[in-house]
Protein chains: 2
Amino acid sequence: MDRRCNRRDFLRQSSTIGAGLALANLGNIVGATETDSNTAQKLSDDKTLRIGFVGIGVRGSCLLKILLELEGVQVRALCDIREDRVTRAQRWVEEAGQKIPSGYSKSDTDFKRMCETEDLDLVITATPWQWHVPVCVSAMEAGKHAATEVPAAVTLDECWQLVETAEKHGKHCMMLENYCYFRKAMTILNMIRKGLFGELLHCEGRTQENWIRENWHIFNSDGTMGWLGEHLAKRNGNPYPTHGFGPMAIWANVNRGDRLDHLVSMSSKSRALKLHAEQSFGKDHAVAQQAYLQGDANITLIRSVNGVTFTLYFGGQSPQPWSPEHKVQGTLGTCIGELFDYDARADGWIQAKVYEKGSRWANYTNYAETYDHSLWKALGQKANKYRAWDWSGAYDYLMLYQLVNALRRNNTPPMDVYDAATWSAISELSERSVANKSSVQEVPDFTKGKWKNNAPTDLAQV
Amino acid sequence: MDRRCNRRDFLRQSSTIGAGLALANLGNIVGATETDSNTAQKLSDDKTLRIGFVGIGVRGSCLLKILLELEGVQVRALCDIREDRVTRAQRWVEEAGQKIPSGYSKSDTDFKRMCETEDLDLVITATPWQWHVPVCVSAMEAGKHAATEVPAAVTLDECWQLVETAEKHGKHCMMLENYCYFRKAMTILNMIRKGLFGELLHCEGRTQENWIRENWHIFNSDGTMGWLGEHLAKRNGNPYPTHGFGPMAIWANVNRGDRLDHLVSMSSKSRALKLHAEQSFGKDHAVAQQAYLQGDANITLIRSVNGVTFTLYFGGQSPQPWSPEHKVQGTLGTCIGELFDYDARADGWIQAKVYEKGSRWANYTNYAETYDHSLWKALGQKANKYRAWDWSGAYDYLMLYQLVNALRRNNTPPMDVYDAATWSAISELSERSVANKSSVQEVPDFTKGKWKNNAPTDLAQV
């Protein structure tokens, strides 16, 4: 049940991308380097970042390939439980003009050996969810910075583990939440910073996936449960909060002048997973007979200490298109609509709207150019080339660009370990709330008070 | 601060309605009668409905004028604290070819005298919120059916009062929730009944108003608080839940096979009202100095005993357009978007989308004709004429048509006293939840178990 990298079917949606740019033709872009002279000048004295990469499946491959596009990066070690993936990725690194990296695939936990034996500055993990914290902790304990796919952690204990390990060893841990780099998310950030909406009052975000249609690790083709299916069978809350919450957290200065105070969460009944099991394997099959806890819809309400509210929707299993709808409501204006910025005028998308005055919505497109974010102005043209590699290639590029360059300059990455912990903590907190009839859950202050003095981020570092 | 009847600025949005059809030219349509021969045949033996009308301001005037268009209606009595409104409305009734009705405007509670002395079948109230229950209770105690503008009741006690009075006196009490008659709301109802979305899992609805821009009874022009301002200053929850919730309740068979079990609610900070007071009257003015409780955003999560979840948003004060966005999520499909159906393709509106299969949304317009509701097919052409009187004229017509004809046939109105109580109860329940840090609130079963055997409604009676 493997999938192509371009999981959003985006090639089907548009005729603007020629087949020559599709995934197989990586050679067209591999080897490109930073050519902006200002950037090159600023970075000239920076060190090379030595990277180890864990988990080179669909998602990891995309990240790794984009990483190989960045200046000042050496991929020194690769780790995956499947040796063929390591071998394939070693070839990509070699094709990018680098030394063939060491390979690690002896066991589930071979990443530990990698962290302990390799000279690395940064370890990146794109493994299934439950391996994110073990890899990051191993990395930081061995003196490496860490970066992880979303969600950074599954449980509250794991969130604390990330924070405590990072603090103890003085290492960074960034969650790779690429939704924060959507052009529209960053334009809205810019609109907020420029005061268009006044004081922020309320935000809404969705993680709306179509995992069943996309065969995304729910069941394996042999009728066993996939790793994602295991999570959805045993948990009930918002297991995947960060796509919906990340952009809102940046907009609303969560952990940077404000912090999350408490939340309540509610789930609908669970239907889709059992139906899918029955349709795929028959009613008598083991996966059709077992119980599934995760509700087909989950909604979490979160309130900050400054009185901002957040509505966070999760729907992963139901038949509905991937659709990251968001809303921002302030004292001077409001915006609403699909956060994704690619092909956004087409019928298949919910057009974003902005309100400042008058009686009706204005089209977001009226604002897009005026409020385009400085990062997109500087690097958008280059970033957009990577849309041909994956639906999220442009965002991955900008995110990895900022991560790599922050670490090369010994700066804190654009999103830190407190963001990773706070955004991921919504999972277990929502599960606890759902299990107790939507009872209120306090959100821990992972920053231990530092949120009061942390400056807001504009994600503007070039 | 009075306003024209067409409060949604809809005339500004469209050039399709000529000035000759605007409110002042009522004579063009007044006096029209039912011409459909089937309808006339079915109704031939029915009695005339004698009506008393209380509260003839902006909203009441619209309802009264449409009432005068219906066959089998006699408006016998009119009541308003302002005598000039009674006099004006008496003229409308006379112009419609009926006897001049009695007028009541001696005091705030002159409706009691009306209910006790007049021979009426039905009393309709379009007063400020806090008068709805007193009028309905007076009517039912005097042996009249009652119908009320939304919300039917402000407090839980009032909800019970409506139910108990209706049961004790064997009278009907219908809340006039015209959003249930939006063409799109009824088309979606039809799509649900036809199984397009499979089993219902989750619904979302919004009451999103722009009351400040519309000068809708928040402050009076002399600097005193308006009746709506009083509510918003002293309460904090969802004070106006039924526009958002009504259509969802019909879709999801609330009180008709399912019932609401519990809810939690959360409000953002309150900013808009104080800002508006400061800007209108200066920072030192009394209305700028006082406290305002109602948060600018309120979100309520409700769960039914059958496991369906509802997200209900309220935002009345913030600068944002009136925008009744809804969502329906089922086991086979999903739809989302603006519920309003007028001018829905224009830029100023959020286009509705439907998902059944494939990777992206389809336009709702692809489904609109196929799933058009039988009531709209039968009476839509006539109903649409009343859009020229008010933005909601078409819906008001269909709603009053069903109410009047149900009572003329001694049938239960399309929405009953249990709907009125259940939908309105969200107000105090949400306030209690907000006041207790989003604690869970049980929703009373106003039907006392009858929900289990009540049949779903299709709102199809012609």
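This is a predicted model: local features need pLDDT of at least 70, side-chain atom pairs count only at pLDDT 80 or more; totals for chains, interfaces and linings use all residues.
Two copies of a chain are related by a rotation about an axis and a shift along it. Here chain B is laid on chain A by a turn of 180° with a shift of 0.0 Å along the axis, and the RMSD is 0.0 Å. The two copies are therefore related as by a two-fold rotation axis. Within chain B, the residue that comes closest to this axis is B:Ser439, whose C-alpha lies 3.1 Å from it. Of the interface residues of chain B, 100% are also interface residues in chain A, so the copies meet through the same surface.

The chain has 462 residues, of which 66% are buried. Taking contacts in chain A between residues at least 6 apart in sequence, 74% join residues that are at least 24 apart.

A:Asn363 belongs to strand S14 (residues 362-363) of chain A. Is A:Asn363 buried or exposed? A:Asn363 counts as buried because its relative accessibility is 10%, and the limit for buried is under 20%. Leaving aside residues up to four places away in sequence, A:Asn363 touches A:Gln351, A:Ala352 and A:Lys353, together with B:Asp347 from the other chain.

Strand S11 of chain A, residues 325-330, is mostly covered, with six of its six residues buried. In a regular strand the side chains alternate between the two faces of the sheet. In S11(A) both faces are covered: one side carries A:Glu325, A:Lys327 and A:Gln329, the other A:His326, A:Val328 and A:Gly330, and all are buried. S11(A) pairs in the antiparallel sense with strand S7 (residues 200-208) of chain A, over five bridges. In that pairing A:Leu200 has A:Gly330 as its bridge partner in S11(A). S11(A) also pairs in the antiparallel sense with strand S12 (residues 334-338) of chain A, again over five bridges. There the bridge partner of A:Gln329 is A:Thr334 in S12(A). A hairpin of three residues joins S11(A) to S12(A).

Among the helices, H10 (residues 242-251) of chain A is mostly covered, since 10 of its 10 residues are buried. The buried residues of H10(A) include A:His243, A:Phe245, A:Met248 and A:Trp251. After H10(A) comes A:Asn253, with a positive phi near 60°. In chain B, helix H4 (residues 83-95) contains B:Glu94, which is partly exposed with a relative accessible area of 43%. B:Glu94 and B:Leu68 are 26 residues apart along the chain, and their C-alpha atoms are separated by 9.9 Å.

The cysteines remain. How many disulfides are found over all chains? The search of the whole structure finds zero. For B:Cys173, the closest cysteine sulfur is that of B:Cys136 at 4.1 Å, which is too far for a bond, because a disulfide is a pair of cysteine sulfur atoms within 2.5 Å. B:Cys173 itself is buried, at a relative accessible area of 1%. The sulfur of B:Cys203 has its closest cysteine sulfur in B:Cys335, 8.7 Å away, also too far for a bond. B:Cys203 is buried as well, with a relative accessible area of 0%.

Note on methods. Residues are numbered from 1 along each chain as its sequence is written. Chains are lettered from A and ligands numbered from 1 in the order in which they are written. Side-chain values use heavy atoms; hydrogens and water are left out. Buried means under 20% relative accessible area, exposed over 50%, partly exposed in between (1.4 Å probe, protein chains only). Contact means heavy atoms within 4.5 Å. Helices (H or I, at least four residues) and strands (E, at least two) are DSSP runs, numbered from the N terminus. Copies are superposed by least squares on the C-alpha atoms of residues with pLDDT of at least 70 in both. Two strands pair if DSSP finds at least two bridges between them.
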